Amino acid sequence: MTASRVCALSELEQDAALRVEVDGVAICVVRDSNDEVHAIGDVCTHGDISLAEGFVEGETIECWAHGSAFSLVTGKPLNLPAYEPVPVYAVTIDGDDVLIDPAVKKEI
């Protein structure tokens, strides 16, 4: 597979998340307060809840339903009830385009 354009960088607000789907894979794209763009699996590992509907703070996103926070860098949960990590994907910025290939997991 190759990376697909998922959105424009200018569409991403700071400390906010956007749910996108690439090749059938739900991905949560986040622009953090440092203007870094992250892509993680969109489904909370504790329940079938979209992380893109959660709350972004620093380099974490919190699931709105049960309060589990996940690292945007590693995908690891930072507190219970989630204990399994979400996948983290490599992001490429090309001009104003945000590109993600769901077949390429970010090396942690």
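1. In this predicted model, C44 is buried, with a relative accessible area of 3%. The closest cysteine sulfur to that of C44 belongs to C63 and lies 3.9 Å away, which is too far for a bond, since a disulfide requires the two sulfur atoms to be within 2.5 Å.

2. Applied to the whole model, this rule gives a count of 0 disulfides. C7 is likewise in no disulfide, and the nearest cysteine sulfur, that of C28, is 11 Å away. With a relative accessibility of 1%, C7 counts as buried.

3. Turning to the strands, the model has an open sheet of 6 strands, arranged in the order β1-β9-β8-β4-β3-β2 with antiparallel pairing. The edges are formed by β1 (4–8) and β2 (16–22), each of which pairs on one side only. From one strand to the next, the twist averages 35°.

4. Within this sheet, β2 and β3 pair in the antiparallel sense over 7 bridges, and L18 stands opposite V29 of β3. The hairpin that these two strands make has 2 residues between the strands, and D23 in this hairpin takes a positive phi near 50°.

5. Strand β3 (residues 25–31) also pairs with strand β4 (residues 37–41), again in the antiparallel sense, here over 5 bridges.

6. Leaving aside neighbours within four places in sequence, A26 is in contact with R19, V20, E21, G41 and D42. H66, by contrast, is 40 residues from A26 in sequence and 20 Å from A26 in space, taken from C-alpha to C-alpha.

7. As for the interior, nonpolar side chains tend to be buried together in soluble globular proteins. In this model the largest nonpolar core has 15 residues, and those with the most contacts inside this core are C28, I40, L51, I61 and F70. When residues up to four places away in sequence are not counted, I61 touches A17, C28, V30, I40, L51, G54, F55, V56, S68, A69, F70 and L72. There is also a second, separate core of 13 residues, which includes V6, L12, V20 and V37.

Technical notes:
Residues numbered from 1 in each chain as written. Predicted model: local features only at pLDDT ≥ 70, side-chain atom pairs only at ≥ 80, totals over all residues. Heavy atoms only, no water. Pairing = 2+ DSSP bridges. Helix = DSSP H or I, 4+ residues; strand = E, 2+ residues; numbered from the N terminus. Axes fitted to C-alpha atoms, helices over the stretch in contact; angles between N-to-C directions. Core = buried A, V, L, I, M, F, W, Y, C linked by side-chain atoms within 4.5 Å. Buried < 20%, exposed > 50% of the residue type's maximum accessible area, 1.4 Å probe, protein only. Contact = heavy atoms within 4.5 Å.
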